[in-house]
Amino acid sequence: QVQLVESGGGLVQPGGSLRLSCTASGSISGFSSMGWYRQAPRKQRDLVARIGSGGSTSYADSVKGRFTISRDNAKNYVWLQMNSLKPEDTAVYYCNTYPSVLPWGQGTQVTVSA
């Protein structure tokens, strides 16, 4: 079964940028949609961005215009470029298919704070 590993999180000041990476242990080309999700403390895990196999993208209103999702099926990677970060973006970020069918990885912590 394909396993997912997220990386690239960290502590950043408001207005800063981070680029998250997700690598899969197997091919992701067979999954029509891949997504990035996030879970803040005491909140449910929510989808923030998704990308279809053809490159079509969709974003949550809260991140539209600031986040960009991309994928490379040949390399089995999915990325999330996050710009103009806000404190409310603080969360653990995960990647998965959309809808999510693979085991969740450990995620990568993003903390936006001055």
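Trainee: Which residues line the largest pocket?
Mentor: The model is predicted, with residues numbered from 1 along each chain as its sequence is written; local features need pLDDT of at least 70 and side-chain atom pairs pLDDT 80 or more, while totals for chains, interfaces and linings use all residues. Side-chain values use heavy atoms, leaving out hydrogens and water. A pocket is an open set of points on a 1 Å grid over the protein atoms alone, where a 1.4 Å probe fits, with protein on both sides within 12 Å along at least five of seven lines; lining residues have an atom within 4 Å of a point. For the largest pocket, the lining consists of Arg38, Gln39, Ala40, Lys43, Gln44, Asp46, Leu47, Val48, Ala60, Ser62, Glu88 and Thr90.

Trainee: Which strand supplies the largest share of that lining?
Mentor: Strands are DSSP runs of E, at least two residues, numbered from the N terminus. Strand E4 (33–39) and strand E5 (46–52) each give at least two lining residues. The largest share, three residues, comes from E5.

Trainee: In what order do the four strands of the open sheet lie?
Mentor: Two strands pair if DSSP finds at least two bridges between them. Strand E1 (4–7) and E7 pair on one side only, which puts them at the edges. E1 is joined to strand E3 (residues 18–24) by four bridges, and E7 to strand E8 (residues 77–82) by six. The pairing is antiparallel, and the order is E1-E3-E8-E7.

Trainee: Which residue in the turn between E7 and E8 has a positive phi?
Mentor: E7 and E8 form a hairpin, and four residues separate the two strands. The phi in question is about 60 degrees, and the residue is Asn76.

Trainee: Which residues make up the covered face of strand E7?
Mentor: E7 spans residues 67–72, and its uncovered face holds Thr68, Ser70 and Asp72. Of these, Thr68 has Gln81 in E8 as its bridge partner. The covered face is Phe67, Ile69 and Arg71.

Trainee: Is Asn96 buried or exposed?
Mentor: Asn96 belongs to strand E9 (residues 91–97). Leaving aside neighbours within four places in sequence, its contacts (heavy atoms within 4.5 Å) include Leu4, Met34, Tyr37 and Trp104. Buried means under 20% relative accessible area with a 1.4 Å probe, protein chains only. Because its relative accessible area is 0%, Asn96 is buried.

Trainee: At what distance does the side chain of Asn96 reach the backbone oxygen of Leu102?
Mentor: Leu102 is among the residues in contact with Asn96. The separation from the Asn96 side chain to that backbone oxygen is 2.9 Å.

Conventions:
Buried means under 20% relative accessible area, exposed over 50%, partly exposed in between (1.4 Å probe, protein chains only). A polar contact is a pair of N or O atoms within 3.5 Å; within protein, one must be able to donate a hydrogen and the other to accept it, and residues adjacent in sequence count only if both atoms are side-chain atoms.
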